[in-house]
Amino acid sequence: MAEAGYDVWLGCTRGRPPTTTHATLNLEDPDDQKSYWDYTFEQVGNEDVSTMVDKIIESRYESCTKVTLVTHSSAANSSLALATNESKNLSEKVSQIVTLAPCLQINFDEFWLPVRDLASIEAFYELIEEYGIYSMFGTDMESKIAAMCSAEGAPGMICKTYLEPVIGSDLYR
């Protein structure tokens, strides 16, 4: 698109490796780390995506009154959440939103993991919280996953069921 003469800006919403810093939180502190990861699609849309759109329009050296958002994954959801917030006047700033692979609710009949019952999935989420795993990114992610997956009993079994299909077993063996 840039080669065709379009002005292309790449945004990166919070939680991705380039954005793992914070103005007031110390991400080495477990409590601050938990607070950092506690946000919703709506917050990212209304705070982050909205700010990106405003920055693009403000920074343009030529006349720019509207942008087109091409989004992927969770940014698609966040942009659509922003579009529903009438107070942000998005229709005055964005001509269209193109969503690529937005996050969707999971149908348990089509769930890709071998365990499909809600109790097991809840146990998985409780376990990753117990081990302080709030992201698959970050400086200490590997050591936290290794500690959880090397544990005897339920933690090891849950790791084998939920994480090995995604990340393999090399990380903790």
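Predicted model: local features only at pLDDT ≥ 70, side-chain atom pairs only at ≥ 80, totals over all residues.
Residues are numbered from 1 along each chain as its sequence is written, and side-chain values use heavy atoms, with hydrogens and water left out.

The protein chain contains 7 helices and 2 strands, taken as DSSP runs (H or I, at least four residues, for helices; E, at least two, for strands) numbered from the N terminus. Along the sequence these elements follow the pattern α-α-β-α-β-α-α-α-α. Of the 173 residues, 32% count as buried, that is, under 20% relative accessible area with a 1.4 Å probe and protein chains only. Among contacts (heavy atoms within 4.5 Å) between residues at least 6 apart in sequence, 60% join residues at least 24 apart.

The largest nonpolar core comprises 13 residues, and those with the most contacts inside it are Phe 124, Ile 145, Met 148, Cys 149 and Leu 163. Helix H4 (118-130), helix H5 (141-150) and helix H6 (154-162) are the elements that give two or more residues to this core. A second, separate core of 10 residues includes Val 53, Ile 56, Cys 64 and Leu 82. A nonpolar core denotes a set of buried Ala, Val, Leu, Ile, Met, Phe, Trp, Tyr and Cys residues joined through side-chain atoms within 4.5 Å.

Arg 60 is located in the loop between helix H2 (41-59) and strand E1 (67-72). With a relative accessible area of 18%, Arg 60 is buried. Not counting residues up to four places away in sequence, Arg 60 touches Asp 7 and Trp 9. The side chains of Arg 60 and Asp 7 are joined by a polar contact of 2.5 Å; such a contact is a pair of N or O atoms within 3.5 Å, of which, within protein, one must be able to donate a hydrogen and the other to accept it, and residues adjacent in sequence count only if both atoms are side-chain atoms.

Technical notes
Buried < 20%, exposed > 50% of the residue type's maximum accessible area, 1.4 Å probe, protein only.
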